[in-house]
Amino acid sequence: LVYENQKDDLLRNEEHLRKEAEIMRDRIDSTYGIMSLTSKRDDFLMWSYYANSHNGICIGFDMDQLQDSVQGIFGKVNYEREIPILHLSDLLDPIMFYKRSLSTKSINWKHEDEYRLAKSEMSRKTIHIDLDIIKEVILGYNMPLEDKCKIIELIRQTNNDCLIFEALLNNSEFKLDINRIY
């Protein structure tokens with residue numbers, strides 16, 4: 001009876017629940033590696049956020065080959081207004097656990113059209129993939145010419161099937177044009 005009362009008290013204690021949720025987030029963060037991807041190769045904001053303000057690159061993968069190579073759980077991100085509640089039963093169901101804890105973001109990020117590839121025991125680890133999984137590389141419009149030349153040469157030496165594109169600012173609209181250069 002004492003144990004049941006203590007358990008009930010803990011389940012109603014907001015501070016205890018907050019600490020337990022933080023412990024769970026830390027465990028997830030230290031266990032799962034997540035690769036974030038998008039279908040929007042020409043999204044101006046995505047280039048600003050994730051490609052060093054258009055100085056970086058965008059890599060296009062053969063998704064079937066990537067998924068086979070990594071052997072993780074792949075899916076589209078769910079965009080929600082409320083933080084999902086993780087149930088104890090979700091810990092026993094890898095797909096529900098993935099959906100609720102690893103692939104849900106605020107609705108504010110819906111414009112990203114994000115997909116995630118998650119794998120257990122891969123937190124902060126590098127994955128190695130065959131170069132033929134890379135199908136295209138897009139060079140940012142702010143990338144220095146010298147860097148563009150180095151990347152093009154590297155791709156030509158290592159992956160002849162990889163298409164190379166360059167992002168350019170459109171002259172009449174607030175958008176990016178993606179032009180093939182090799």
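Four strands form an open sheet in the order β2-β7-β8-β9, and their pairing is mixed; strands count as paired if DSSP finds at least two bridges between them. The edges are held by β2 (57–61) and β9 (176–180), each with a single partner strand, so one side of each is left without a neighbour in the sheet. From one strand to the next, the twist averages 25 degrees. This is a predicted model, in which local features need pLDDT of at least 70 and side-chain atom pairs count only at pLDDT 80 or more, while totals for chains, interfaces and linings use all residues. Residues are numbered from 1 along each chain as its sequence is written, and side-chain values use heavy atoms, with hydrogens and water left out. Helices (H or I, at least four residues) and strands (E, at least two) are DSSP runs, numbered from the N terminus.

Within this sheet, β2 and strand β7 (residues 134–139) run antiparallel and are joined by five bridges. Glycine 60 has glutamate 136 in β7 as its bridge partner. Helix α6 (residues 145–158) lies across β2, β7 and β8 (163–169), at about 170 degrees to β7. Such angles run from 0 to 180 degrees between N-to-C directions, with axes as lines fitted to C-alpha atoms, for helices over the stretch in contact; contact means heavy atoms within 4.5 Å.

What lies in the nonpolar interior? The largest nonpolar core has 14 residues, of which Phe61, Leu66, Val137 and Leu139 touch the most other members. A nonpolar core is a set of buried Ala, Val, Leu, Ile, Met, Phe, Trp, Tyr and Cys residues joined through side-chain atoms within 4.5 Å; buried means under 20% relative accessible area, exposed over 50%, and partly exposed in between (1.4 Å probe, protein chains only). At least two residues of this core come from each of α4 (63–70), β7 and α6, and β7 gives the largest share, three residues. Not counting residues up to four places away in sequence, the contacts of leucine 139 include Trp47, Ile151, Phe165 and Ala167. A second, separate core of seven residues has Trp47, Phe165, Ala167 and Leu176 among its members.

Another open sheet has three strands in the order β1-β6-β3, with antiparallel pairing. Here β1 (32–38) and β3 are the edge strands, each with a single partner strand, and the twist averages 20 degrees from one strand to the next. Seven bridges join β1 to β6, and leucine 37 stands opposite tyrosine 115 in β6.

The structure holds three aromatic pairs. Rings of Phe, Tyr and Trp (its six-membered ring) pair if their centres lie within 6.5 Å; planes under 30 degrees apart count as stacked, over 60 as edge-to-face and the rest as tilted. Tyrosine 49 and tryptophan 109 have ring centres 5.6 Å apart and planes at 70 degrees, so this pair is edge-to-face. Tyrosine 49 sits in helix α3 (residues 44–50) and tryptophan 109 in the loop between β5 (104–106) and β6 (114–120), 60 residues apart. Phenylalanine 74 and tyrosine 115, with centres 5.9 Å apart and planes at 10 degrees, are stacked.
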